[in-house]
Amino acid sequence: MNIFKTFETFLKEPLSILRENIIQIVSIQTGNIFANKPSVDVSMLKDRTQVTVVNNEKVYNLLSMANHRAEMRRKQAVEFKNGTNQG
């Protein structure tokens, strides 16, 4: 299984809450690795969702890339829809 597809699926399919709210992905790198073990935390507020990745740059990069690809697909879908409606 392609790991990028896994994260793309995570970002686009689980809940409409994730699709309808602004998703912010944050990376926190601490100097003392023993104080904060690598972790991922999801905070869902009224008008946005934030994914905080602590001490794991690889997971942050994967989530950011998957989120970017999903955003590009949404933009292409809107452009396609607008283009076919004008024809």
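**View 1. Overall fold of the predicted model.** This is a predicted model in which local features need pLDDT of at least 70 and side-chain atom pairs count only at pLDDT 80 or more, whereas totals for chains, interfaces and linings use all residues. Residues are numbered from 1 along each chain as its sequence is written, and side-chain values use heavy atoms, with hydrogens and water left out. The protein contains 3 helices and 3 strands, which follow one another from the N terminus as α-α-β-β-β-α; helices (H or I, at least four residues) and strands (E, at least two) are DSSP runs, numbered from the N terminus. Of the contacts (heavy atoms within 4.5 Å) with a separation of 6 or more, 61% are between residues 24 or more positions apart. The accessible surface, computed by the Shrake-Rupley method with a 1.4 Å probe, with only the protein chains shown counting as cover for residues, comes to about 6600 Å², and carbon and sulfur atoms account for 56% of this area. Buried residues make up 23% of the 87 residues, where buried means under 20% relative accessible area, exposed over 50%, and partly exposed in between (1.4 Å probe, protein chains only).

**View 2. The largest nonpolar core.** Ile23, Ile25, Val51, Val53, Val59 and Leu63 form the largest nonpolar core, with 6 residues. Strand E1 (22-28), strand E3 (48-54) and helix H3 (57-86) each supply at least two residues of this core. The term denotes a set of buried Ala, Val, Leu, Ile, Met, Phe, Trp, Tyr and Cys residues joined through side-chain atoms within 4.5 Å. In soluble globular proteins, nonpolar side chains tend to be buried together. Strand E3 is largely enclosed by the rest of the structure, because 6 of its 7 residues are buried. When residues up to four places away in sequence are not counted, valine 59 touches Val40 and Val53.

View 3. E2 and E3 run antiparallel and are joined by 6 bridges, forming a hairpin with 3 residues between them; two strands pair if DSSP finds at least two bridges between them. Serine 39 has valine 54 of E3 as its bridge partner, and valine 40 has valine 53 of E3. Valine 40 lies in strand E2 (residues 39-44) and counts as partly exposed, because its relative accessibility is 47%. Together, Val40, Val42 and Met44 make a nonpolar surface patch of about 250 Å². Such patches are made of residues with over 30% relative accessible area and no salt bridge, like charges being joined within 9 Å and nonpolar side chains (Val, Leu, Ile, Met, Phe, Trp, Tyr) within 5 Å.

**View 4. Asparagine 55 in the loop between E3 and H3.** Asparagine 55 is placed in the loop between E3 and H3, and its phi is near 55°, a positive value in a residue other than glycine. Most residues other than glycine have a negative phi. With 10% relative accessibility, asparagine 55 counts as buried.

**View 5. The salt bridge within helix H3.** The structure holds 1 salt bridge, a term that requires a side-chain nitrogen of Lys or Arg within 4 Å of a carboxyl oxygen of Asp or Glu. Arginine 74 and glutamate 71 are 3 residues apart in helix H3, so about one helical turn separates them. Arginine 74 counts as partly exposed at 36% relative accessibility, and glutamate 71 counts as partly exposed at 33%.
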